[in-house]
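I opened this entry to keep track of what I looked up. My notes follow the structure below.

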Amino acid sequence: MNQLDIWFLALALAMDCFAVSIASGIIVKKHIGKMMIRMAFLFGFFQAAMPLIGWFGVSTFTSYLENVDHWIAFCLLTFLGGRMIRESFLPEEEKKIKPRKLKTQVVLAIATSIDALAVGISFACTGFSNLKMLVCPLLIIGFVSFVMSIIGVLLGVRFGKPIAKKLKPELLGGFILIIIGIKVLLSHLYGL
């Protein structure tokens, strides 16, 4: 795998973070600074950490992780998405999913990065034989996810206001999470 491949891989892995960040920007709308930086950091961190975990666990847990990683991501994203959709119909004071909350951000970061475990497994199978060889690819993956998350939140805030007036943002965000979960599941089950 060359440097260009790593950058394209990082961009592909960051697409889930990007979509979730757009939905978060639509929901939050203003005073995004701290939330945006923390979310971008968590997304970048977990996108970089999951391949490392996959690489470390390749010898012991390969068969277990490959068989269930897509189901874990699907379940987490569908659960969060369904909850957001349900809460979009509740009065404002009863809504619980808030992108500003650390707990929500951590769950989203883990859910959107589960498929990166497979990347770590593929790193181990494609010649990345020591930790030193992984440093650069992991930094690139984390950096790209960080940047794409910031761009996503800013796009959600900037262009989400007209949408938010016509469509409930939590409803849109919930559907986006469910679509991402289905995409992860289908891509693993059917190679789509």
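I started with helix 1, residues 3–28, in this predicted model. The helix has 26 residues and reaches 36 Å from first C-alpha to last. That is close to the 38 Å expected at 1.5 Å a residue. I then looked for a bend and found a kink of about 35 degrees, centred on Ala-14. Just after helix 1, Lys-29 takes a positive phi of about 75 degrees.

Next I checked the core. The largest nonpolar core has 44 residues. Ile-32, Phe-43, Phe-123 and Val-153 have the most contacts inside it. Helix 2 (33–88) is among the elements that give two or more residues to this core. Helix 2 gives the largest share, 13 residues.

Which residues is it in contact with, leaving aside neighbours within four places in sequence? I listed Ser-21, Ile-22, Gly-25, Ile-32, Met-35, Met-36 and Met-39.

Then I turned to the rings. I counted four aromatic pairs. Phe-45 and Phe-46 have ring centres 5.3 Å apart and planes at 85 degrees, so I logged the pair as edge-to-face. Phe-45 is partly exposed at 44% relative accessibility, whereas Phe-46 is buried at 17%. Trp-55 and Phe-56 are also edge-to-face, because their planes stand at 65 degrees with centres 5.1 Å apart. Trp-55 is buried at 14%; Phe-56 is exposed at 51%.

I noted one aromatic cluster of Phe-41, Phe-45 and Phe-46. Last, I looked at Arg-158: its charged end sits over the ring of Phe-159, 5.3 Å from the centre.

Technical notes: Residues numbered from 1 in each chain as written. Predicted model: local features only at pLDDT ≥ 70, side-chain atom pairs only at ≥ 80, totals over all residues. Heavy atoms only, no water. Helix = DSSP H or I, 4+ residues; strand = E, 2+ residues; numbered from the N terminus. Expected span 1.5 Å × (residues − 1). Bend = angle between axes of the 7 residues up to and from the residue. Core = buried A, V, L, I, M, F, W, Y, C linked by side-chain atoms within 4.5 Å. Buried < 20%, exposed > 50% of the residue type's maximum accessible area, 1.4 Å probe, protein only. Contact = heavy atoms within 4.5 Å. Phe/Tyr/Trp six-rings, centres within 6.5 Å; stacked < 30°, edge-to-face > 60°. Lys NZ or Arg CZ within 6 Å of the ring centre and 35° of its normal.
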